[in-house]
Amino acid sequence: MLVIRGHQHVPAWPAAAVAIGNFDGVHVGHRALIRRARELAAACGPDTRTVALTFDPHPAAVLAPAAAPVQLASLARRCELLGDAGAEVVVVEPFTRELAALAPDAFVDAIVLGSLRAREIVVGYDFKYGRGGAGTIESLRAHGERAGVAVEVVAPVQADGEVASSTRVRAHLRAGELAAAEQLLGRRWDVDGIVVRGAQRGRAIGIPTANIRPDSDLPLAPGIYACTLAVTGEAPRAAVASLGTNPTFVASGDLVLEVHVLEFSGDLYDRHVRVAFAAYLRAEAKFDSVAALVAQIHLDIAAARAVLS
């Protein structure tokens, strides 16, 4: 898969089927767009690329920073997931106030038809585009008809009776409802990061943990989780994670992600890892003693092992 930063750098391919969206989290609805674009590209011929056009940063981060949602994945992970969904090329368009000021027709002509050479355009049912979100499904279809380009709108995709959306995934994660989030994502929610040196309290109490500096936001409720940890290039290992402030040891502190890998001994420092969250086990708590904390951690490990078996 090819990742291109900015439409100006797109090579001169003959044609493309272009799926457009923010694609935060690449949930099952997003994957339906990519899948349909791939089908249309195949129908157009072997020289037609399957392209995902996405934006970075999130438009709200530029236009209304206070209202910008936490992101479900880093840009690198988003691109990886779009490739897994079937995109041959991901075009990451830098979202700026200048881009936001483009009239709907100018956006389509300059980027989608001009640089990307779209022969087919695929969007979601709630797609809006151009200055002030003035572009609608109807105006896009009319524009495509004038240009001789087909526009296909993918209907809402449901999982377990719920329409897939990034907003709903965030809500489930914040509520600790990982199974519901997994249904909408079509996978466990995960985060990548680097293992860094922490306070080493876990090692001191006989339960060493990997202190992880995440590559992206953590839209999770603080608490204890059953999870897996995978070093890049290696198989996932069963683990239990703590996302919290360590209240037993400090009165107040920053939110920290720590992961204890079951049946593992070794050095993970400076390794790039992926943590995939399977189940919320309990809320973070302050314990009266370190011994009480250690006893609870052993119960958490047993609970995580049962979930992951």
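Author: Glu152 and Arg36 are joined by a salt bridge in which the closest N and O atoms are 2.6 Å apart, a salt bridge being a side-chain nitrogen of Lys or Arg within 4 Å of a carboxyl oxygen of Asp or Glu. Because Glu152 belongs to strand E6 (residues 150-154) and Arg36 to helix H1, this pair ties together parts that lie 116 residues apart in sequence. Helices (H or I, at least four residues) and strands (E, at least two) are DSSP runs numbered from the N terminus. The model is a predicted one, in which local features need pLDDT of at least 70 and side-chain atom pairs count only at pLDDT 80 or more, whereas totals for chains, interfaces and linings use all residues. Residues are numbered from 1 along each chain as its sequence is written, and side-chain values use heavy atoms, with hydrogens and water left out.

Glu152 is partly exposed, with a relative accessible area of 26%, and Arg36 is likewise partly exposed, with a relative accessible area of 26%. On this scale buried means under 20% relative accessible area, exposed means over 50%, and partly exposed lies in between (1.4 Å probe, protein chains only). Arg36 also forms a salt bridge with Glu39, where the closest N and O atoms are 2.9 Å apart. Those two residues are separated by about one helical turn, because they sit three residues apart in helix H1 (residues 28-44). Glu39, at 41% relative accessibility, counts as partly exposed.

On the strand side, Glu152 is the bridge partner, in E6, of Val122. E5 and E6 pair in the parallel sense over five bridges, where two strands count as paired if DSSP finds at least two bridges between them. Strand E2 (residues 15-20) also pairs with E5 in the parallel sense, over four bridges, and Val122 in E5 is the bridge partner of Ala19. Strand E5 (residues 118-124) has six of its seven residues buried, so the rest of the structure largely encloses this strand.

Another of them joins the side chains of Arg271 and Glu234 (3.4 Å, N to O). That pair links distant parts of the chain, with Arg271 in the loop between E13 and E14 and Glu234 in the loop between E11 and E12, 37 residues apart. Arg271 counts as partly exposed at 32% relative accessibility, and Glu234 counts as partly exposed at 36%. Elsewhere, salt bridges that share partners join Arg77, Glu80, Arg187, Asp190, Asp192 and Arg274 into one network.

Strand E11 (residues 223-231) and strand E14 (residues 272-282) run antiparallel and are joined by eight bridges, with Val231 standing opposite Val273 in E14.

The largest nonpolar core has 33 residues, and Trp189, Leu229 and Phe277 are among those with the most contacts inside it. Such a core is a set of buried Ala, Val, Leu, Ile, Met, Phe, Trp, Tyr and Cys residues joined through side-chain atoms within 4.5 Å. A second, separate core of 30 residues includes Ile4, Trp13, Val112 and Phe127. Leaving aside neighbours within four places in sequence, Trp189 is in contact (heavy atoms within 4.5 Å) with residues including Leu72, Leu173, Val275 and Phe277.

The buried residues of H8 are Leu178, Ala181, Leu184 and Leu185. They lie on the same side of H8, because they cover an arc of only 120 degrees around the axis, the arc being that of the directions from the helix axis to the C-beta atoms. These buried residues pack against H1, strand E7 (158-159), strand E8 (162-163), H7, E11 and E14. H8 is followed by Gly186, whose phi is positive, near 75 degrees.
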